[in-house]
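My notes follow the structure.

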Amino acid sequence: MGDTSHHADDTLHRRGLMFILSSPSGAGKTTLSRMLLAKDAEIKLSVSATTRPPRPNEVDGVHYHFVTEAEFDRMVEEDDFYEWAHVFGHRYGTPKGKIRAALKEGQDFLFDIDWQGTQQLYQKDQQDVVRVFILPPSIEELHRRLKGRATDSTNVINARMERARAEISHWDGYDYVIINDDVNVCFDKVHAILEAERMKRARQTGLIPFVRGLMG
Ligand SMILES: Nc1ncnc2c1ncn2[C@@H]1O[C@H](COP(=O)(O)OP(=O)(O)OP(=O)(O)O)[C@@H](O)[C@H]1O
Ligand SMILES: Nc1nc2c(ncn2[C@@H]2O[C@H](COP(=O)(O)O)[C@@H](O)[C@H]2O)c(=O)[nH]1
């Protein structure tokens, strides 16, 4: 064994990444997001603001910041959003918060956002963005999942099903595409992507001094 004074853990600073999960409504991105947050302590959810009313199990400030139309207007005027979009008759936006500074410090962020938000984030910050699209195994299964979730009225479910094909058409704007058939298998793939992206050379900003140390 050689000199351990340049231990990798002390040296290898890494830039954080913006990990985006998108899918047609009901394909399972929120389920996968929650699994990822429970399993991986290094990634934090970017909590969006929305004008949609909360579902029964949703907590303000945890799953979304639930805001009024007037509050959303104010946030837009004050340039508080990285991106925002109209989705299913409501507005949703990613608050800027301290994301940029935290990325520099190595913090990873998870975004459960649609294709419009993905395009906007990618245009602003290509180097930090990793785009993952989740597909359902079939349209029938997508419908079953939306009904089985039992959080939305029949009208809302029908509207989301009507939009599903249009949303799926954006699949080619993503770096990775995964079919969510068995949720555990799908989750392992999502996590493997995150782990691999963390090791990209460009993200490992501490590599240069580390390699210099190795070369003596
Ligand atoms: N692989 C799977 N097999 C069976 N059911 C699943 C699977 N993945 C997710 N589900 C179930 O499907 C329903 C929809 O999942 P989820 O809420 O995660 O979808 P979503 O893509 O986030 O939808 P939305 O965009 O509407 O928020 C939930 O009841 C969830 O438990
Ligand atoms: N462009 C953005 N899309 C967002 C954001 N937060 C959530 N979403 C997407 O909206 C739909 C519907 O979500 P739901 O919670 O009402 O089912 C879904 O595709 C989300 O990914 C955001 O900040 N910006």
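The entries below cover the cores, then ligand 2.

**Ground rules.** I am working on a predicted model, where local features need pLDDT of at least 70, side-chain atom pairs count only at pLDDT 80 or more, and totals for chains, interfaces and linings use all residues. Residues are numbered from 1 along each chain as written, chains are lettered from A and ligands numbered from 1 in written order, and side-chain values use heavy atoms, without hydrogens or water.

**Cores.** I looked up nonpolar cores: sets of buried Ala, Val, Leu, Ile, Met, Phe, Trp, Tyr and Cys residues joined through side-chain atoms within 4.5 Å. Buried means under 20% relative accessible area (1.4 Å probe, protein chains only). The largest core holds 22 residues. F19, L21, L36, V132, I134, I178 and V190 have the most contacts inside it. Strand 1 (18-22) and helix 2 (29-39) are among the elements that each supply at least two of its residues. I take helices (H or I, at least four residues) and strands (E, at least two) as DSSP runs, numbered from the N terminus. Helix 8 gives the most, with 5 residues. Another core, of 11 residues, lies apart and includes I20, Y82, L103 and L121.

**Ligand 2.** I found 17 residues around it (a heavy atom within 4 Å). S48, R52, Y64, E83 and Y92 come nearest. Next I checked polar contacts (N or O pairs within 3.5 Å). A polar side-chain atom of E83 sits 2.7 Å from a ligand 2 nitrogen. Alone, ligand 2 exposes 510 Å², and the protein buries 96% of that (Shrake-Rupley, 1.4 Å probe).

Notes
Buried < 20%, exposed > 50% of the residue type's maximum accessible area, 1.4 Å probe, protein only. Polar contact = N/O pair within 3.5 Å; in protein donor to acceptor, adjacent residues only side chain to side chain.
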